Amino acid sequence: MTTAAHPLTARRGRLQASFAKYAEFIRIGFVNILAFRLRYYTGIITYLINVTVYYFIWRAVFANAAGSLLGFSLAQMLTYVNVGWIIRSFYWNTIDQEMAYEVIEGKIAMDLIKPVSVEWMWLTRAMGESGFRLILLTAPTAIVIALLFPVLPPASHLHFVLFLFAALGSFLLMVAINFLIGTCAIPLKSILALIRAKYWLIELLSGLLIPLNFFPRAFQLISSWLPFEHIAYTPLQIYLGRLSPAASLRRVALEYVWVAALLLLGHLWWTRATRKITIHGG
Amino acid sequence: MSADPLISVRSLSKHFRTFERREGIVGGLINLFHREYRIVKAVDNITFSIGRGDMVGYIGPNGAGKSTTIKMLTGILVPTSGEILSNGFVPWRQRAAYVKTIGVVFGQRTQLWWDIAVIESFKLLRRIYDVSQRDFDERMELFDQVLGLRAFLHTPVRKLSLGQRMRCDLAAALLHNPPILFLDEPTIGLDVVAKDHIRQFLRAINERYKTTVLLTTHDLDDIEQLCRRIMIIDRGALLYDGPLAGLKERLLRTKQIKFILRDGEQAPRLAAFEHSLSASAQNGLLHLERLDEMTCRLRFDRSSVSTSDLIRRILAAVEVRDFVIEDEPIEEIVKRIYSGEVFAAPPGPQP
């Protein structure tokens, strides 16, 4: 029976596996990113530069607007940008690039000879990296941004809690999307163009650069059927209290449906792609 | 071979479908829409078994099917047909459970994390394979004694020399004390000292834990020093499977000296030397070839002629700028097997 091929046994192995095993991958992800001091410092500086650029752009835009623009006051808009970049420093990860690199180097074979589920390995590794970002990138960036730029507090305690769940969902969405893209490296080998396309698609469709309600209606309708707006737009709308708690909860629930769907899709795609390697050779 | 083999392989085949790329721009455009496929038989109907504690050398020219066999034995590749039972598992069906009982080293690749200290990778592997802290410490102690790991445990892998990295990779593959160890070119690119380290280590492990080892190599010294049995594969088919002892006299007896003449003036002296050689070659091989203007190759049978004698004779006869002494390459040995020089009845290429 073809269903007995190894990805399924990998899943069984995953169920049996102790948490300790994957906790170790989280640790390794953390240690791995610590290895690059320069990348860390430039990371912080990049975020500050981005926030500064958007600060001046929006001030210029609002200079000609009569107090508010499509329901945003200048203070709200700046908070949107600042909080947006703070959570981006947390949810962003590069496992698609790392997977592409491992495929080109032929290291996927080395992963297959270890008694672990390769999918969970990547997921937990990304968790380690994001843990690192949260403590050493997001926290200092947030402090510096809050000191330099005006940031409004969250709309309410309830909104803040929902915002935190939504931001965690952003991370999971990014992992799921990057895992899907990274797996494409197995049949395609070179996915640099794909990674770049994804980068701009997400910068735009996540609502990080411009709130989505600035776009035409038709565009917003299409976007509401896609997962990307939950990466930044959803948590930021909740933070600013532009959605009622009930509506926020519905949005977060929808976001997690997307997380589940994309993780499942990633699992199926990975199973198919690895079955292809194990049958047709790498 | 013991009665109850640890690894048994029956009628194993792996066929790949590859497509041929057409040349040029027009060909490239056609490739976009239509591909011509061709079946490549990387491994074709091989059968063997390996007993517990054996160390078996698996040799053959590049592209003969060695790595493909190892990949099937480690569960990375699914065979096209045939059976493998290794340590009670079917590798590709029970991958997660099976790989816990094997160690694998691919000489060209590392299983360690590139950017972090070696010890961090070892800690990770300890968790992955559920090795207790006590066993871990004990094995690290042993590995350190033989491989001298301590000096670079806190260095990132990317800063290690090839020999150091190889020692770490071997230790990593054996951390969970697997009954079976697969090695694909474990000594490739290493210097003599590093090779010796690795060989000593493999012998020590084999002796202490009765680890079964299957290794592929291009270095015949690896085989001579480690294996009592060898298997030779070419174009996907097994050419020879048996004790090394019998084959050694027939296969590993040939050495070659390559030497470069000092200048063009040497030609007449070389002709005289060649003449004297053919006069003295009454038994065994002694064959001089000119590879180009200045380079000559002298193949000889080391059981009938002593290497040092021969060098003395060369140096007396012609002025030489440089020379090297080498084993005959595996490709040449395989060629000789085909030509019927080694076996009374050569197996010949499979149809």
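These legends walk through several close-up views of a predicted two-chain model. In this predicted model, local features need pLDDT of at least 70 and side-chain atom pairs count only at pLDDT 80 or more, while totals for chains, interfaces and linings use all residues. Residues are numbered from 1 along each chain as its sequence is written, with chains lettered from A and ligands numbered from 1 in the order in which they are written.

**View 1. Chain A as a whole.** Chain A holds 13 helices and 2 strands; helices (H or I, at least four residues) and strands (E, at least two) are DSSP runs, numbered from the N terminus. Its C-alpha atoms fill a box of roughly 65 × 40 × 35 Å along the principal axes. Of the 282 residues in chain A, 41% are buried. Here, buried means 20 or more other C-beta atoms within 10 Å of the residue's own, exposed means 12 or fewer, and partly exposed lies in between, with C-beta atoms placed from the backbone.

**View 2. Where chain B meets chain A.** Here 26 residues of chain B are in contact with 27 residues of chain A; contact means that C-beta atoms, placed from the backbone, lie within 7 Å. Strand E1 (7–20), helix H3 (95–98) and helix H4 (118–128) of chain B each give two or more residues to the side that touches chain A. H4(B) gives the most, with 4 residues. That side of chain B divides into 14 nonpolar, 4 polar and 8 charged residues (Ala, Val, Leu, Ile, Met, Phe, Trp, Tyr, Cys and Pro count as nonpolar, Asp, Glu, Lys and Arg as charged, and the others, Gly among them, as polar).

**View 3. Helix H2 of chain A.** The 16 residues of this helix (residues 19–34) should span 22 Å at 1.5 Å a residue, and the end C-alpha atoms are 23 Å apart, which agrees; the expected span is 1.5 Å times one less than the number of residues. Buried residues in H2(A) include A:Tyr22, A:Phe25, A:Ile26 and A:Ile28. Their cover includes helix H7 (118–148) of chain A together with H4 of chain B.

**View 4. The nonpolar cores.** A nonpolar core is a set of buried Ala, Val, Leu, Ile, Met, Phe, Trp, Tyr and Cys residues joined through C-beta atoms within 7 Å. In the largest one, with 132 residues, A:Leu173, A:Val175, B:Phe182 and B:Met231 touch the most other members. Helix H8 (residues 157–183) of chain A brings the largest share of this core, 13 residues. Beyond its neighbours within four places in sequence, A:Val175 is in contact with A:Asn93, A:Ile95, A:Leu123 and A:Ala126. A second, separate core of 5 residues includes B:Phe259, B:Cys296, B:Leu298 and B:Phe300.

**View 5. Two loop residues with positive phi.** A:Leu70 is not a glycine, yet has a positive phi of about 45°. A:Leu70 sits in the loop between strand E1 (68–69) and strand E2 (72–73) of chain A, and is exposed, with 9 other C-beta atoms within 10 Å. B:Arg235, also not a glycine, has a positive phi of about 45°. B:Arg235 lies in the loop between strand E8 (229–234) and strand E9 (237–243) of chain B and is partly exposed, with 18 other C-beta atoms within 10 Å.

Terms used
Contact = placed C-beta atoms within 7 Å.
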